[in-house]
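Reader: Got the model open. Can we walk through some helix packing?

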Amino acid sequence: MAPKRILIVGAGHVGLYAALRMSKKLHRHEAEVTVVDPQPHMTYQPFLPESAAGNISPRHTVVPLRRELKRCHVLSGEVTRIEHARKVAIVQPIVGPAREVPYDHIVVAPGSVSRTLPIPGLREHAVGFKTIGEAIFLRNSVLDRLDVAATTSDPATRRRALTFVFVGGGYAGIEALAEMEDMVRGALRYYPEIPQSDVRFVLVEAAQRILPEVGPEMGAYTVVQLTRRAIDIRLGTRLESCVDGIVKLSDGDEFPADTIVWTAGVKPHPMLEDTDLPRTPRGAVTCLPTLQVVDEDGAVVEGAWSAGDCAAVPDLTSSVPGALCSPSAQHAVRQAAKLADNITAVVRGRRPVDYKHKHVGSVAGLGLYKGVAHVYGVKVRGLPAWFMHRSYHLSRIPTLNRKIRVLVDWTLQLVLRREVVALGSLHEPREPFLTVAPPIPLPTNANTKAGQPTKRVAA
């Protein structure tokens, strides 16, 4: 019998962990595993704030797919459509025409994207915080603004450069804000022209609390700690406009800022709209506790599986009827393991089992040696919480290779000062070359009509 073809869409927490587990459990004569993702790596997103702050090298925050998935087939491209009725996915490679990839089982795990709102100026002036590229860009931009402020003689330019706005008070937003403020505070020792009082960090949150993941008490503690660091926290406030970098808030305040970071929630990947799989009103794939896709009548969609941020998975540990698992890395990693085991069971003719995991709590870092945690009902703050945060995520990042590299980065940080150099030229690498290589007019001849390009002649 021919091996089953298993296609994994997305190489995030679910995709990578599921592929690793299935490649170890299933023999080659049983299944062929193919992973499709536009990026050649998996990004461990909980480490993005520390990577942006320079605590961890950006290369150590990502896991190269081809290195770790040696028994899988890796396609660098984007799934543009899934036709499950034919069991075919349309894959657009990085270069070249689209191709059809047939399968017997499909794992739909493209993850989530930033949930934006129709706010004037947001698209033009804000940056998200979900990818390693965005983390590197934010780091370079913040450090570049320090150079601008230290050099300019215009007070308005200086105030604008030293104003950093973060929109969204969830896990990602608070950690990014706290790490960036910590990095800037440490960098100012090299900028005698800039007193700490000139730097302004602003947090804008529409709700009346922050960090709901760690509970109201730890959220209130975080507000107190950030306020002591002179961070301007606006609860119950919305961003209404940022046209031309002029931030306008719902409380009536208005000020210019060069740096605006959007971390106000996520939504399922829009790729799911181009599938024939059943979804919830918010766009997530509907699933059973076994992580099998299920239609509106409760019937299993044979050969279709999903998990993670893009899946609506019932939470069997909750007492609330209809409760779903939260879109967190904690659930995604465990769902990936159960999903891989269930697909292995089905391939071998056995029945899948339910995913059931009670959320143990959350940990959050607030900069070097600072953090909050609410784990198994126990509330921890300060240095112990920071240590728990690092220990947990070190244990969760996949592969021993990455664990060792991250641990080495942290160890070196204990004895060496943090690097605070901006490499902004990474974002426009050809600009220096273009300044010394002026454009040359294309050759013309009598047979070339005005407005039409000349034809290339083979040598």
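Author: Helix α5 (residues 132-151) packs against helix α7 (residues 171-187) at about 35 degrees, with the axes 11 Å apart. Axes are lines fitted to C-alpha atoms over the stretch in contact, and angles run from 0 to 180 degrees between N-to-C directions. Helices are DSSP runs (H or I, at least four residues), and strands are E runs of at least two, numbered from the N terminus. This is a predicted model: local features need pLDDT of at least 70, side-chain atom pairs pLDDT 80 or more, while totals for chains, interfaces and linings use all residues. Residues are numbered from 1 along each chain as its sequence is written, and side-chain values use heavy atoms, without hydrogens and water.

Reader: Which residues of α5 and α7 meet?

Author: From α5, Leu 138, Arg 139, Val 142, Leu 143 and Leu 146. They meet Met 180, Met 183, Val 184 and Ala 187 in α7. Contact means heavy atoms within 4.5 Å.

Reader: How many are nonpolar, polar or charged?

Author: The contact has 8 nonpolar, no polar and 1 charged.

Reader: New topic. What follows α9?

Author: Gly 349, with a positive phi near 85 degrees. Helix α9 itself covers residues 329-347.

Reader: And what does UniProt list for residues 5-323?

Author: An unreviewed UniProt entry lists "domain: FAD/NAD(P)-binding" there. Over residues 5-323 the chain is 27% helix and 29% strand.

Definitions and conventions: Nonpolar A, V, L, I, M, F, W, Y, C, P; charged D, E, K, R; others polar. Expected span 1.5 Å × (residues − 1). UniProt positions renumbered as here; feature names shortened; annotations may be inferred.
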